[in-house]
Amino acid sequence: MCLAVPGRVLGIEERDGTRMATVDFGGVVKEVCLEYLPDLRVGEYAIVHVGFALQRLDEESARQTLALFENLGLLQEEFGDPWEAAEAEAALMDDDTRAADAPAGGEGKADR
């Protein structure tokens, strides 16, 4: 799932002619492009989707949305550790492979 998540601008800089911001999403900090909101300032909140700030948001709405996303586990899903996610996915695939390789009908060598 790919969410539009509210975040607070911590810092702004120009990079190769593009206005970029460091944004805090409830403890997760990411780099975000500000080209769609060129007048956004440090301390303000914006809704961010796929690395682009799309809309300014008031602080109370941002905090409520972040709290809701956190309670639903959506922030972990959206920003979770990619190594942890890959490890969990690999474990699921290993389980599926073992189940597919198991003899049908519960037969083992002792049953033959």
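**Exercise 1.** What does the accessible surface of the protein chain come to, and what percentage of it belongs to carbon and sulfur atoms?

*Solution.* The model is a predicted one. Its protein chain has an accessible surface of about 7800 Å². Carbon and sulfur atoms hold 52% of that surface.

**Exercise 2.** Describe burial and contacts in the protein chain.

*Solution.* Burial is taken up at the outset: a residue counts as buried when its relative accessible area is under 20%. By this criterion, 23% of the 112 residues are buried. Contacts follow: among those with a separation of 6 or more, 36% are between residues 24 or more positions apart.

**Exercise 3.** Which strands pair with β4, and in which sense?

*Solution.* Begin with strand β1, residues 5-15, which pairs with strand β4, residues 45-49, in the antiparallel sense. This pairing extends over 4 bridges, and within it V5 stands opposite V48 of β4. Turn next to strand β5, residues 52-57: it also runs antiparallel to β4, and 5 bridges join the two. Here A46 faces R56 of β5.

**Exercise 4.** How many residues lie between β4 and β5 in their hairpin, and what is the phi of V50?

*Solution.* The hairpin formed by β4 and β5 has 2 residues between the strands. V50 lies in the turn, and its phi is positive, at about 45°.

Key
Residues numbered from 1 in each chain as written. Predicted model: local features only at pLDDT ≥ 70, side-chain atom pairs only at ≥ 80, totals over all residues. Heavy atoms only, no water. Buried < 20%, exposed > 50% of the residue type's maximum accessible area, 1.4 Å probe, protein only. Contact = heavy atoms within 4.5 Å. Areas by Shrake-Rupley, 256 points an atom, 1.4 Å probe, with all protein chains shown as cover. Pairing = 2+ DSSP bridges.
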